[in-house]
Amino acid sequence: MRTSLISVLATALIANFGWAESKLETKQFPAPDGSQVLEIGQAIRVVNSRGSPSLTLASNLEGVQRVDAKWSPDSRRVVVVISYTRGSGVEAAYMDGSGWHKALQPDTDLPTDELSRQAAVSGRLVSQSCRLGDWLDSRRIRITGELIFSGQKKVHYGYTLVFTGQPGHLDRGGFEEGVIKGIDYHVR
Amino acid sequence: MRSVLSWSFVLLLIVSISGCDDSISSPSGGASGTPTQNDLTQGQQIGNAVSGDQSFYNASGGSGFGFPQDTSQFGGASFTSDSFARIDTDGDPSEQGYDTTWNAQTSGQIDGQPVNSADHAYVVMSQGQMAASGAQIGDWALVTNNETGQSMWARVEDVGPPGGTGEISEACATGVGIQFQRNSNTVGNPSVTVQVYSGTKSISGGSN
């Protein structure tokens with residue numbers, strides 16, 4: 001019983017990771033197979049088991065309020081939500097035959113107008129936040145979020161973030177766009 | 001004793017609500033329609049400060065950051081948007097209770113304090129826009145009023161929701177000739193072009 005409880009707690013710790021601004025020290029979050037570690041401190045980096053950086057996802061976390069991250073069950077992908085006071089963004093690192101790559105979910109993915117129409121609210125979008133849900137498999141993860149429009153009207157939404165397997169185009173920030181994509185957006 | 005406790009609770013509730021970002025209080029004269037003279041006061045004060053008349057406002061230089069001393073290192077803009085202007089009053093304590101979208105904090109800070117929208121010309125980007133363009137908080141941006149051609153240097157100092165464009169501080173709006181009401185609504189529908197130059201945060205600003 002005791003062993004089971006410890007196992008459950010350890011699994012929960014490995015599967016979910018959150019970093020808040022008040023925690024200034026660097027946190028390390030290992031992949032399930034232990035081959036890589038997501039390091040969140042002054043920057044967000046994937047480092048290998050020898051401590052050498054494989055990839056830098058974000059080099060500056062000034063103003064960041066919270067970072068959430070989850071490794072995929074097969075340890076080949078990690079999704080990160082970077083949250084500021086009024087907005088958040090989703091980034092990911094993934095490994096293929098040529099090594100580690102970083103991908104970005106572009107702003108244009110979020111169907112703000114469609115969600116506000118579904119929720120029958122109007123006004124100007126003033127803030128947005130999102131959180132990681134569970135992995136459906138090693139290529140799909142659920143995400144939930146909240147939009148706040150002027151007048152404090154709130155819309156709760158959800159979607160599935162998918163690693164498309166399609167080649168993306170490289171943006172100026174060094175992220176591949178088109179590799180991760182949100183589908184099945186809906187009001188919750 | 002019970003009465004004292006009740007009043008304490010009510011007082012605490014009032015203080016909490018007035019200090020909350022979700023406040024929907026709307027002082028008279030700031031809701032909509034044609035702005036009154038009082039509504040425009042703040043913008044005019046900043047305008048005076050920017051133009052050098054400091055009789056109404058502080059002596060900190062008005063636009064706050066000034067302009068970049070060496071633009072030869074800038075290269076091309078890494079992010080450009082062209083859209084209606086929207087005013088971000090975050091960081092300006094005097095806007096609490098007037099602007100329903102007001103936040104005490106800004107993502108950027110100066111000496112550990114929020115960047116006051118009334119004092120500093122800044123622009124807002126989303127996390128996705130910053131990541132995609134390589135921009136960081138503190139990078140320089142050139143803001144241009146599309147109707148008048150007036151432009152002003154600002155810095156990226158706040159992060160907003162995905163897809164947001166044209167969001168600028170009070171000081172920046174006034175600096176490019178855009179008037180607004182205390183509830184942060186612009187007068188008319190002015191549009192601005194914002195050009196952000198990534199990797200320029202370390203370039204210091206000179207005075208206007």
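This is a predicted model: local features need pLDDT of at least 70, side-chain atom pairs count only at pLDDT 80 or more; totals for chains, interfaces and linings use all residues.

Reader: What makes Q152(A) count as partly exposed?

Author: Q152(A) has 15 C-beta neighbours inside 10 Å. A residue is buried at 20 or more and exposed at 12 or fewer, so with 15 Q152(A) counts as partly exposed.

Reader: And S184(B), is that residue buried or exposed?

Author: S184(B) has 24 other C-beta atoms within 10 Å. The cut-off for buried is 20 or more, so S184(B) is buried. S184(B) lies in the loop between α4 (170–175) and β10 (191–197) of chain B, and phi of S184(B), a residue other than glycine, is positive, near 80°. For the chain as a whole, buried residues make up 48% of the 208 residues in chain B.

Reader: Which residues touch the most other members of the largest nonpolar core?

Author: That core has 79 residues, and V80(A), V123(B), A141(B), V143(B), A154(B) and C172(B) touch the most other members. Leaving aside neighbours within four places in sequence, C172(B) is in contact with A121(B), Y122(B), V123(B), V143(B), M152(B) and A154(B). In soluble globular proteins, nonpolar side chains tend to be buried together.

Reader: Let us turn to the sheet in chain A. Why are β10 (125–137) and β15 (180–187) of chain A said to stand at the edges?

Author: Four strands form an open sheet in the order β10-β11-β12-β15 (chain A), with antiparallel pairing. β10 and β15 of chain A each have a single partner strand, so one side of each is left without a neighbour in the sheet. Direction ignored, neighbouring strands of this sheet are turned by 25° against each other on average.

Reader: How do you know that β10(A) and β11(A) pair?

Author: Two strands pair if there are at least two bridges between them. Nine bridges join β10(A) to β11(A), so the two strands pair. R131(A), for instance, stands opposite T144(A) in β11(A).

Reader: How many residues of chain B are in contact with chain A?

Author: There are 25 residues of chain B in contact with 28 residues of chain A. The largest share of that side of chain B, six residues, comes from α3(B). By class, this side of chain B divides into seven nonpolar residues, 17 polar and one charged.

Definitions and conventions. Residues are numbered from 1 along each chain as its sequence is written. Chains are lettered from A and ligands numbered from 1 in the order in which they are written. Two residues are in contact if their C-beta atoms, placed from the backbone, lie within 7 Å. Ala, Val, Leu, Ile, Met, Phe, Trp, Tyr, Cys and Pro count as nonpolar, Asp, Glu, Lys and Arg as charged, and the others, Gly among them, as polar. A nonpolar core is a set of buried Ala, Val, Leu, Ile, Met, Phe, Trp, Tyr and Cys residues joined through C-beta atoms within 7 Å. Axes are lines fitted to C-alpha atoms, for helices over the stretch in contact, and angles run from 0 to 180 degrees between N-to-C directions.
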